[in-house]
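User: I would like to go through this model step by step, asking at each point what lies behind the words used for it.

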Amino acid sequence: MKGSTRWILIGAAALIALMVVGLVLQGIRNLLWDLSYWLPAWLVGPVLLIAATLLVAAVMQIGLPWFRQWRRRSTQGVQTTDATMPAPTSRREAAERSLGSVDRLLERLQDDVARQSLQKERERVARELERGDLVVVLFGTGSSGKTSLIRALLREIVGDVGAAMGSTSESQRYRLRLRGLERGVQLVDTPGILESGMDGRSREQEARQHASRADLMIVVVDGDLRRSELDVVHSLSGLGKRLLLVLNKCDLRGEEEERRLLLLLRQRCAGWLQAEDVIPTSACPQSLPRPGQRPLQPPPEIGLLVRRLAAVLHADGDELLADNILLQCKDLGAAGRDLLDRQRSQEARRIVDRYTWISAGVVAATPLPGVDLLGTAAVNAQMVMELGAVYGIQLTRNRAQELAVSVGRTLAGLGVVKGGVALIGTALSVNLPTLLLGRAVQGVAAGWLTRIAGSSFITYFQQDQDWGDGGIQDVVQHHYELNRRDRSLKAFLDAALRRVVEPLQQEAKKRLPPQPGLRAEEDASGRGYREL
């Protein structure tokens, strides 16, 4: 029936083509007839040739670009994506576009809890985009004098501060204004980092969270960087934020020792920190004793830090703010994509699991004559299409069938089919009679091969329809090795016993006659035979 319909369509198309050619020829003939009345016979041909040339040129200039645009839209969709949109003209536009991408991700998330969490973070980043203040976050160990430094900064810039600061166990935020700077500045005093115990690790995690939202970071140390401190400073710098390193308590050492320490710190941080961004301070100099009088408390020595801070914020404040927002948008988008990938992976695993037992049941009901046929039979083109749809890829049935056949051949070519049948046959032969063993082995093996093929396709779609450098063979071999591990194989066989083997055993009991010594009379429960 399908073949006759196809020939009818071909015949209809050929008839329409002949009609179009006939109309074109008739039109040309009428045009020649009309031109022969108005022009000399020797001029009709050249005029017709020039007109045809102009018509072809017009089609090439107008029709061909339109046709290419139509083809591009038909293959890529009519919706404009971020890839086809023009480049953003400003960092703000880039951030707004990134937030738009997050909105589209939110629409595709099915987990309400994850979606609400991402939505709250998206709203926070949107508020950050609208804010005007620059955020400067201070970090340091508990003994570095970080709290004294922020107190000295506040007194230097805005005078006495009423809030008692002391040791910082929770983050505190202070707002101030720098002369000549249009934006306000928020100083954030974070808990100490590199402290021991659960509380110390929790406070360090909070400090790192503040670092991810900072426009400028100030790290306070009171001596040479230990390995652990250097790792923290390097990791904070790796966030992509501007960083100032402050050597505090310089009043406790001589000028030569201070110079040596500054040189050493600048050498350790060379390559990812400018030399002028390593700054000496004395936030709370030691008091000087005076006989018969109260000790003299020298003023803080933070002038170099204040000048450097003002210079950086004046010169690069807007850029720092824009870069920070873009980085937060990027992190937000990455978090959304991770959630979507996990959702897709879970949905894809459910599809593979469903087709695993469909394939196992079908093959167990109708065993195949050849072992190698299991490789092709286990890979269902419909499963491939459904997996592609999960990852936003619409496959035609012919393309899905091609992919299914290629994986089935790879399963057979790598020896996975025969190896799987032998492996499962050995595991099932202990508990099954010979009468059921063949059907059970083929059914369970088909389900197992479907699981391997489905996992391979998940990898293929996760990699944007790319098998990777090693090709399809490496992907299939990798998932074969994963599924034959003791824990994975045992979990699969336990499920297969319930879903495939036990139904076969129940079916066999219904077909077998009563054993000798048993009478075909049901016992009082009606569920078995009773001995004579």
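**Reading the terms of the model**

Analyst: A fitting place to begin is Thr356, which is found in helix 9; please keep in mind throughout that this is a predicted model.

User: Why does Thr356 count as buried?

Analyst: The word buried is kept for residues under 20% relative accessible area, and Thr356 has a relative accessibility of 0%, so it counts as buried.

User: Which residues is Thr356 in contact with, once its neighbours within four places in sequence are left aside?

Analyst: Contact means heavy atoms within 4.5 Å, and on that basis Thr356 is in contact with Gly447, Thr450, Arg451 and Phe492.

User: Why is Gly413 called exposed?

Analyst: Exposed is the word for a relative accessible area over 50%, and Gly413, at 65% relative accessibility, therefore counts as exposed.

User: What makes the phi of Lys249 worth a remark?

Analyst: Most residues other than glycine have a negative phi. Lys249 is not a glycine, and yet its phi is positive, at about 65°.

User: What is the phi of Asp464, and is Asp464 buried or exposed?

Analyst: Asp464 has a positive phi of about 55°, although it is not a glycine. Asp464 lies in the loop between helix 14 and helix 15 (471-483), and because its relative accessible area is 67%, against a cut-off of over 50%, Asp464 is exposed.

User: Turning to the sheet, what makes strand 2 and strand 6 its edge strands?

Analyst: The sheet is an open one of six strands, in the order 2-3-1-4-5-6 and with mixed pairing. Strand 2 (172-176) and strand 6 (278-280) are the edge strands because each pairs on one side only, where pairing requires at least two bridges between two strands. From one strand to the next, the twist averages 25°.

User: How do you know that strand 2 and strand 3 pair?

Analyst: At least two bridges are needed for pairing, and strand 2 and strand 3 (residues 185-189) have five bridges, in the antiparallel sense. Among the residues involved, Arg173 has Val188 in strand 3 as its bridge partner.

User: Which strands does helix 7 touch as it packs on the sheet?

Analyst: Helix 7 (residues 227-237) touches strand 1 (134-140), strand 4 (216-221) and strand 5 (242-247), and its direction makes about 175° with that of strand 4. Helix 9 also packs on the sheet, touching strand 1, strand 3, strand 4, strand 5 and strand 6, with its direction at about 170° to that of strand 5.

User: Finally, what lines the largest pocket?

Analyst: The largest pocket, with a volume of about 690 Å³, is lined by 20 residues, of which Leu105, Arg108, Leu340, Arg344 and Tyr391 lie nearest its centre. Two or more lining residues come from each of helix 3 (91-108), helix 9 (303-365) and helix 14 (434-462), and helix 9 gives the largest share, seven residues. By kind, the lining divides into seven nonpolar, six polar and seven charged residues.

Note on methods
Residues are numbered from 1 along each chain as its sequence is written. This is a predicted model: local features need pLDDT of at least 70, side-chain atom pairs count only at pLDDT 80 or more; totals for chains, interfaces and linings use all residues. Side-chain values use heavy atoms; hydrogens and water are left out. On a 1 Å grid over the protein atoms alone, a cavity is a set of points where a 1.4 Å probe fits but cannot get out, and a pocket is an open set with protein on both sides within 12 Å along at least five of seven lines; lining residues have an atom within 4 Å of a point. Grid points are joined across faces, edges and corners, and a volume is the space filled by probe spheres set on the points. Helices (H or I, at least four residues) and strands (E, at least two) are DSSP runs, numbered from the N terminus. Ala, Val, Leu, Ile, Met, Phe, Trp, Tyr, Cys and Pro count as nonpolar, Asp, Glu, Lys and Arg as charged, and the others, Gly among them, as polar. Axes are lines fitted to C-alpha atoms, for helices over the stretch in contact, and angles run from 0 to 180 degrees between N-to-C directions. Buried means under 20% relative accessible area, exposed over 50%, partly exposed in between (1.4 Å probe, protein chains only).
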